[in-house]
Amino acid sequence: MIREKVARLSTRMHDRPQYPTQGAVLFVDLERREHFSKYLPVGVLRSFLSGRGANMFLLHNLLLDGREPLDPRIPMIFGSGVFTGTVPSAARGNLTSVAPDSNAILDSNCGDFFPAFLKLNGYDHLVLYGQAAGWTLLELSGGEVRFHDATPYLGMDNTDLTRAVEKDFSCAERKDMAMARITRAGENLVLCSGIMGGPKAIYARCGTGAKMGSLRLKAVMILGRGAQSALSAAVKENNRELARKILAASVVKYALKKVGTPFLYKPSRLLGAMGTKNNQETNWYDTLDADNFDVYRPGMDGCYQCPIRCRPLNDLTREKSYRGIRGDGAYDRHDKGDGPDYVTLGKMGPMIGIREPEQVLRLNNILNDLGLDSASTGSAIAWAMELYQRGIITAKDTGGLDLTWGNYEVIEKLLYMTARRDRFGDVIADSARAVERGRYPAEALKYRMAVKGLFQSDPHDARIIKGFALGLAVSTRGMDHLRNRPTLEINAKINDNREFKTSLYGGTVAPEPTSYEGKEHAVATCEKTFAVGDAVGICRFATKLFNSPSTADYEDFALQLKELTGEEFTPAQLDGIGRNITGFERLINARLGLTEKDDTLPDRWFEEEITAGPFEGEKIDRAAFEALKVRYYSLLGLNAAGVPSLEWHRRLAGAITGFAVQVTLPEGIPGAPEGAVIVDQPVSDVAGLREALKKRLPHAARKLEDSSLIVSVNGTMVLSNEDATPVRSGDEVAVMRIIAGG
Ligand code: SF4
């Protein structure tokens with residue numbers, strides 16, 4: 001079935017680039033060890049750009065409905081942005097599929113060198129499907145595709161695997177090789193594992209490591225830096241200007257370049273907005289403020305040709321007072337490493353009750369080596385610790401592990417056990433799906449800090465900042481800040497300048513972070529801007545609105561898009577593309593069974609007040625939150641089911657599949673608040689349309705099977721031969737209840 005979908009899609013693709021700098025889509029059937037490449041139509045660029053946007057186009061066209069995410073026939077798709085490898089801070093790419101560790105799409109953004117090497121080697125997207133007969137290392141090199149036996153690398157984690165591959169292929173990572181790989185954790189289908197893209201860089205969240213493991217794919221290695229096409233004088237000048245602009249932003253100059261994202265810990269702590277002990281508390285110690293890590297930071301590192309270089313390195317052994325983590329003079333490889341960023345600091349610190357910087361650094365280094373996603377793993381451990389605290393699980397369930405908050409020895413051990421799925425590690429490895437898989441009783445769900453089945457990514461407790469809360473609720477991949485967080489909500493200078501704030505978000509947003517007023521404008525604007533950023537491949541830290549009002553914006557993107565693709569985009573058109581991408585993601589989520597009810601927050605944030613700090617007493621008011629969500633839907637043009645309204649969906653369908661049929665439905669069909677939906681999966685007859693309609697509205701599938709429902713096409717009733725009655729794009733179809741008798 002997947003092969004038919006691939007074949008059908010390829011007939012709509014081209015044999016040559018459709019615009020300058022376009023890379024190919026490489027399709028790789030791992031089961032048959034076959035591959036071919038094609039180029040996407042230019043219409044995909046015009047509607048979704050590349051990277052995350054075109055990845056969604058590919059996923060929607062290749063998705064088989066009703067399959068489990070770990071089914072190898074569900075493809076995983078690497079994609080680089082239009083600018084990746086060419087424009088400053090555009091080192092990023094996305095990985096897209098269906099998430100094993102949530103109920104939504106899988107979509108993950110990563111930097112380091114892999115996305116740039118992919119693009120510079122001539123590929124915009126790499127579509128992988130089918131389960132390899134044996135563990136495989138896929139090599140892309142000089143236009144060639146090779147399949148290697150990966151058995152010798154099985155069981156290797158990040159560091160050892162990298163060294164072994166470098167030795168075997170006589171190469172050096174980041175010099176002439178880049179690699180996306182899984183560790184033991186991915187091999188073992190650990191749901192909180194990621195795909196490592198470097199010593200620290202990770203395609204994180206959503207269970208990426210398990211998804212790659214399900215294909216029996218140990219690594220994708222790109223040998224050779226590829227060739228940068230000759231850049232025009234205008235591109236180079238635009239790049240210089242952009243680098244100057246990014247580096248002039250105060251948050252870049254004084255924080256990101258010097259200490260990296262851990263600078264965020266202190267403001268969050270002072271606000272009393274720290275996710276502590278699985279969000280039971282919101283305060284934590286100043287021992288983890290970024291300056292306490294200074295002595296252990298030998299320098300900063302960065303992704304491919306990024307002028308920011310925001311990644312702190314760490315070396316515990318450079319401080320004489322450090323005598324090994326147990327104070328016994330014993331050191332090991334995990335006393336040095338890369339990181340942490342703020343997410344890891346929060347999740348390996350207050351979230352699980354750790355307060356010593358040395359312990360956070362060690363846990364960070366171990367996670368990087370084991371290929372575990374710090375956000376999901378930290379949240380899974382915090383969830384288990386709260387269940388232990390409440391007696392919902394006991395030492396009998398944990399195999400004797402004492403899951404008391406801050407128990408460093410047990411936490412370190414548990415990370416290894418998780419990667420191996422060893423004893424209680426097997427439970428943590430099931431991540432947010434632990435109840436569904438029968439590991440915990442149902443009451444545990446009350447304490448799971450997740451949305452759409454995905455644990456929260458960032459360490460902020462968002463009960464105070466209502467814009468953050470809305471963003472986490474509506475994010476298309478689950479409880480994640482990177483899709484739309486309006487970080488400037490905690491910037492006093494911006495809050496005090498009403499006019500400027502209005503101009504930033506295109507609508508009036510209340511200055512008080514605790515207010516619900518106008519927050520829909522902030523979240524919607526960030527969401528669209530960040531989606532465009534992902535589609536061009538630029539880092540969030542260099543994109544306007546994530547941390548700064550003065551980093552790269554639509555105008556900058558439009559300038560370079562014109563130079564690199566020949567296509568002209570206005571800022572308003574780019575804003576429309578950002579809206580298209582997230583709207584499109586919502587349509588895929590609807591196919592996966594998500595509804596507007598899934599755009600919500602964990603009960604704890606509605607029911608429990610913050611108990612300390614300057615915002616004591618804050619929580620989320622359900623009615624005010626629901627009203628805010630309705631305003632957000634309306635602002636974006638989503639219907640009450642949280643998907644693009646009919647006209648928007650019709651236009652999207654034209655760009656996605658080239659097929660759109662509007663189907664009017666009888667009353668009471670769930671998921672169709674407008675009384676009609678667009679079917680965008682190409683079908684040829686009424687019988688096929690009925691099937692496609694059930695996939696478009698999975699919660700209505702049973703109702704749609706009702707034999708009293710008949711169909712009319714362009715006003716003509718179809719009373720027989722449904723499988724021989726043609727349906728064409730643009731037809732008007734109605735499903736209605738037949739009234740029999742008389
Ligand atoms: S800002 Fe940091 S994470 Fe972003 S591309 Fe640069 S080095 Fe990588």
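Q: What does Leu 59 touch, leaving aside residues up to four places away in sequence?
A: In this predicted model, Leu 59 touches Ile 77, Thr 96, Ser 97 and Ile 588. A contact here asks for C-beta atoms within 7 Å. Leu 59 itself has its place in helix 3.

Q: Why is Leu 59 called buried?
A: The label needs 20 or more other C-beta atoms within 10 Å. Leu 59 has 24 such neighbours, so it counts as buried.

Q: How far is Leu 59 from Gly 43, in sequence and in space?
A: They are 16 residues apart along the chain, and their C-alpha atoms are 16 Å apart.

Q: Which domains does the chain have?
A: Four are assigned: domain 1 (2–223), domain 2 (234–450), domain 3 (466–636) and domain 4 (659–737).

Q: How many residues of domain 1 and domain 3 take part in the contact between them?
A: Domain 1 brings 41 residues and domain 3 brings 31. The C-alpha centres of these two domains lie 28 Å apart.

Q: Which elements each supply at least two residues of the side of domain 1 that touches domain 3?
A: Helix 2 (42–48), helix 3 (51–62), strand 4 (93–98) and strand 5 (105–110) do. Helix 3 gives the most, with 6 residues. By class, that side of domain 1 has 18 nonpolar, 17 polar and 6 charged residues.

Q: Which residues have the most contacts inside the largest nonpolar core?
A: Val 127 and Ala 469 do, in a core of 221 residues. Helix 20 (residues 519–536) gives the most to this core, with 9 residues. As for Val 127, among the residues it touches are Val 25, Phe 27, Leu 58 and Ile 77.

Q: Why is helix 12 said to be largely enclosed by the rest of the structure?
A: Because 14 of its 14 residues are buried.

Q: What makes the phi of Asp 112 worth a look?
A: Most residues other than glycine have a negative phi. Asp 112 is not a glycine, yet its phi is positive, about 60°. Asp 112 sits in the loop between strand 5 and helix 4 (114–120). With 29 C-beta neighbours inside 10 Å, Asp 112 counts as buried.

Q: Where does Ser 431 lie?
A: Ser 431 is in the loop between helix 16 (424–428) and strand 16 (450–451). Its phi is positive as well, about 50°, although Ser 431 is not a glycine.

Q: What kind of peptide bond joins Gly 339 and Pro 340?
A: Most peptide bonds are trans. The bond between Gly 339 and Pro 340 is cis, with omega about 5°. Pro 340 is found in the loop between strand 15 (336–338) and helix 11 (342–347).

Definitions and conventions:
Residues numbered from 1 in each chain as written. Predicted model: local features only at pLDDT ≥ 70, side-chain atom pairs only at ≥ 80, totals over all residues. Domains from an automatic or database assignment. Contact = placed C-beta atoms within 7 Å. Helix = DSSP H or I, 4+ residues; strand = E, 2+ residues; numbered from the N terminus. Nonpolar A, V, L, I, M, F, W, Y, C, P; charged D, E, K, R; others polar. Buried ≥ 20, exposed ≤ 12 C-beta atoms within 10 Å, placed from the backbone. Core = buried A, V, L, I, M, F, W, Y, C linked by C-beta atoms within 7 Å.
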